[in-house]
Amino acid sequence: MTSKHYIHPATCFFLLTQLVVLLSWIGNIYGWEGVENLMSPEGLRWKLRTVGHSFLLAPLIGSIVLLFLGGGLLVHTGCADALWRFVYRRRELSRKERNALIVSIASGCILMGGWLFLAYGPWGGARSINGRLSGSPLLDGSAYLLSVMWGIMGGVYGYAVNFYHTDKDIVRGMSYGFIRIPEFFVIYFFVVQLFEALEYSKLYLYWGISEQLVYFSYIVCILFSLGFALRKKNISL
């Protein structure tokens, strides 16, 4: 990772996308069944019309943005670091940090208890129409709820240790993840382009690859992109 000669993941995904384009053209020439040519006029029109739309509506992008908002607060205030140090005994917490962490965890537990009540309590407004969690608004909004919990825990910790004083500090904390690891979103853009090209060309179907495996590969690429950005960028205060 410290070598200056490695190929950046964004470049790798870009090159893989161009490979898919080339293979779709070859497949069109040799009559591969079901394969759509990305280099055709239809393919070009599709690309021009969908390149921005497909990125903004890509699977999981909304959830990732939400988690960045709450997670930014959790990291920016030092709450995540304090929790890490407490669990792994890396460095002793001060009395103020320890008390702030207790209050922060308590606030998170209260929120979690409220959501569990919504999930399993007598009031079923957050469950699906059949009374189950599967397909329920509560499950669909889980990324938002987790982001809210992280954000409140981080905000409580920040005020308790006197690191936060105004609403401007809250906003700065919510933007922290986007500022510190913007590289992730650049890589993510090229990940989306690769899988959109695969979806349009239908090459994966010609190769006998299931949609489930393609989606699993998509998740792996996202996690790899996030791991690369986190490891390359020091996110400590």
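Which residues does S54 touch, not counting residues up to four places away in sequence? I noted three names: V192, Q193 and E196. I keep in mind that this is a predicted model.

**Entry: the chain as a whole**
I started with the secondary structure. The protein chain has twelve helices and zero strands. Read along the sequence, the pattern is α-α-α-α-α-α-α-α-α-α-α-α. I then looked up burial. Of the 237 residues in the protein chain, 36% are buried. Next came the contacts with a separation of 6 or more. Residues 24 or more positions apart account for 73% of them.

**Entry: S54**
I went back to S54. I found S54 in helix α2, which covers residues 41-56. Is S54 buried or exposed? S54 counts as buried because its relative accessible area is 9%, and buried means under 20%. I also checked the side chain. A polar atom of the S54 side chain lies 3.2 Å from the backbone oxygen of V51.

**Entry: the surface**
The protein chain exposes about 14400 Å². Carbon and sulfur atoms supply 67% of that area. I looked up one nonpolar surface patch, of about 720 Å². L16, L19, L22, W25, I29, Y30 and M39 make this patch.

**Entry: M39**
I picked M39, one of the patch residues. Where is M39 placed? I found M39 in the loop between α1 (9-29) and α2. M39 has 48% relative accessibility, so M39 counts as partly exposed. The cut-offs here are 20% for buried and over 50% for exposed, with partly exposed in between.

Conventions. Residues numbered from 1 in each chain as written. Predicted model: local features only at pLDDT ≥ 70, side-chain atom pairs only at ≥ 80, totals over all residues. Heavy atoms only, no water. Helix = DSSP H or I, 4+ residues; strand = E, 2+ residues; numbered from the N terminus. Buried < 20%, exposed > 50% of the residue type's maximum accessible area, 1.4 Å probe, protein only. Polar contact = N/O pair within 3.5 Å; in protein donor to acceptor, adjacent residues only side chain to side chain. Contact = heavy atoms within 4.5 Å. Areas by Shrake-Rupley, 256 points an atom, 1.4 Å probe, with all protein chains shown as cover. Patch = residues over 30% accessible without salt bridge, like charges linked within 9 Å, V, L, I, M, F, W, Y side chains within 5 Å. Salt bridge = Lys/Arg side-chain N within 4 Å of Asp/Glu carboxyl O.
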